[in-house]
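Hi everyone, thanks for making time today. Let me put the model up on the screen, and then I'll walk you through a few spots in it.

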Amino acid sequence: MLPTIGRQCLQRMTSRTLLNRFCGKSVANGRQLSQSMVRSSKEENKPPVDSQPSSTPQQDINESLQRQYIRPRRALLYCPGSDDRKVAKLSTICGSVDTVVLDCEDGVAANKKAEARQTILEAIQTVAFGRSECAVRINSIDSGLAEEDLQVVLSGEKLPKTILLPKVETREHLDSDIDNNRHNVTDNRSTMSSADDFADIIKPFLWSSKEENKPPIDSQPASTPQQDINESLQRQYIRPRRALLYCPGSDDRKIAKLSTICGSVDTVVLDCEDGVAANKKAEARQTILEAIQTVAFGRSECAVRINSIDSGLAEEDLQVVLSGEKLPKTILLPKVETREHLDSFAEKLVKAMGKRKTNKDLHLLTYVESAKGLLNLRDVIQHAIELSEFHLFSLEGIVFGSDDFCASIGATRTAGASETLLARQQVVLTAKAFDLQAIDVVYIDFKDIEGLRAQSLEGANMGFSGKQAIHPTQVPVIQEAFSPPPERVEWARRLVDEYKKSQSEGKGAFVFEGQMIDRPLLLQALNIIDIAGALERK
């Protein structure tokens, strides 16, 4: 079965590569056109770098004095384009603030976008900005509103000095070349009769990197706040994993006590790896298999951490723990560094499942435990998602293994974990970019409850979804840190209700309980409600 999977993956990836190369050629042509428009400011026949004489200190000083001036932007003051009262007051602030940002995006309700564009256009033409920079924040490319924003705000005789482009995530967003071509609008104004000409120039760039028959970015309908709320409520349920409690498969005493902890901890991890001595691996497998069949896990998730692919023990682990009538809900795969580790895991999983059908009901968490694993994390996640399309498993999260990581980079492990701060942030950033859970480090001193609480709260504030535990006394502290307090949940629900009301009244940003609220804070509130809802369903 695996050779077929391998061929299908290879064919799919090859097709994507060819598509990227084909589309990339169009994008490259677009970039060359854009670059050629900017290149006019360069001297012709400029000698190559290696033929230029070395500069003298005086030339360095002269070059510094002649360096291109970049306007200071110490303060950027937002003014919603739909708020006539604030726009009318611009003359009282212009000259004292570095940059005035006329806002088409978060500060403007969905049903007020058209009105805001016209108000902003009029303000650009009539307001005396003086020493203040006139800037416009348009809507994001994915919103489907960016093109119309540009068509209107760039249609007057006067133009804004700067365009702010929000929510840029990919090269495709920049292939529209909106920000770079702002200068071209000014420089080539004599050759373009209106902003329509400008839009015609950049439109091929918007289309070039898209798959055939896929609608271009700006033709996709914009989401409304209500759609954001509906999407949040309908989002795929992922089991909360606030605390992952390890139980060594070779420790009969701890296995026997599982019934006392099951139901109160989110995830019980039956461990075949680091918690088991080399001469106890076979015994641990059998004990784990028996526990899967007999223990009443209740509301706790039953998970198994197998040994790493490179250990040579992973295949036998899977053969045994997946041989019973009941299966674990989740497999934890440690020390994943490359795509090849995932290919090997997939092969061993298919073999262990035998005639049973593999499906996405089997969840997978992978570990980052080395510098190489951290650098390759994005590629590993993308490949795991590709493999999940064959219904082998569903990748749901990334676990950070700090002890092995410190050994990998030669760092000294400390209680505060400052030596792993960058790596922890990178794990959160990469995992959340793919909508995956991120599980934080173990706190080794299980008797230091206050230290555990402080590190758990720190991890929650950093964006981690949960934390690993090595003793039952750690579980309540960890799970409390990764749960939104009831008062915070109530605050989020009140905010969402008020947001709905403000949108129905045509408002964008509004004041709620003394705090200025716009769409980003709405999304934070929805995230809190998501977590609370998942805990209620657990």
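**A short tour of the model**

So, to begin: of the protein's 538 residues, 47% count as buried, where buried means under 20% relative accessible area, exposed means over 50%, and partly exposed is in between (1.4 Å probe, protein chains only). Please keep in mind that this is a predicted model, where local features need pLDDT of at least 70, side-chain atom pairs count only at pLDDT 80 or more, and totals for chains, interfaces and linings use all residues. Residues are numbered from 1 along each chain as its sequence is written, and side-chain values use heavy atoms, with hydrogens and water left out.

The protein has 23 helices and 14 strands; these are DSSP runs numbered from the N terminus, helices being H or I with at least four residues and strands E with at least two. Among contacts with a separation of 6 or more, 77% come from residues 24 or more positions apart, a contact being heavy atoms within 4.5 Å.

Next, helix H17, residues 377-388. Its 12 residues reach 16 Å from first C-alpha to last, close to the 16 Å expected, which is 1.5 Å times one less than the number of residues. Its buried residues include Leu 377, Val 380, His 383 and Glu 386.

How many aromatic pairs does a search of the whole structure find? Two, counting rings of Phe, Tyr and Trp (its six-membered ring) with centres within 6.5 Å; planes under 30 degrees apart are stacked, over 60 edge-to-face, and the rest tilted. Phe 345 and Phe 393 make a tilted one, 5.8 Å centre to centre with 55° between the planes. This pair links distant parts of the chain, with Phe 345 in helix H15 and Phe 393 in the loop between H17 and strand S10, 48 residues apart. Phe 345 counts as buried because its relative accessibility is 1%, and Phe 393 is likewise buried, at 1%.

Now over to Ile 470, in the loop between strand S12 and helix H21. Is Ile 470 buried or partly exposed? At 35% relative accessibility, Ile 470 is partly exposed. Beyond its neighbours within four places in sequence, Ile 470 touches Leu 245, Tyr 246, Val 442, Tyr 443 and Ile 444.
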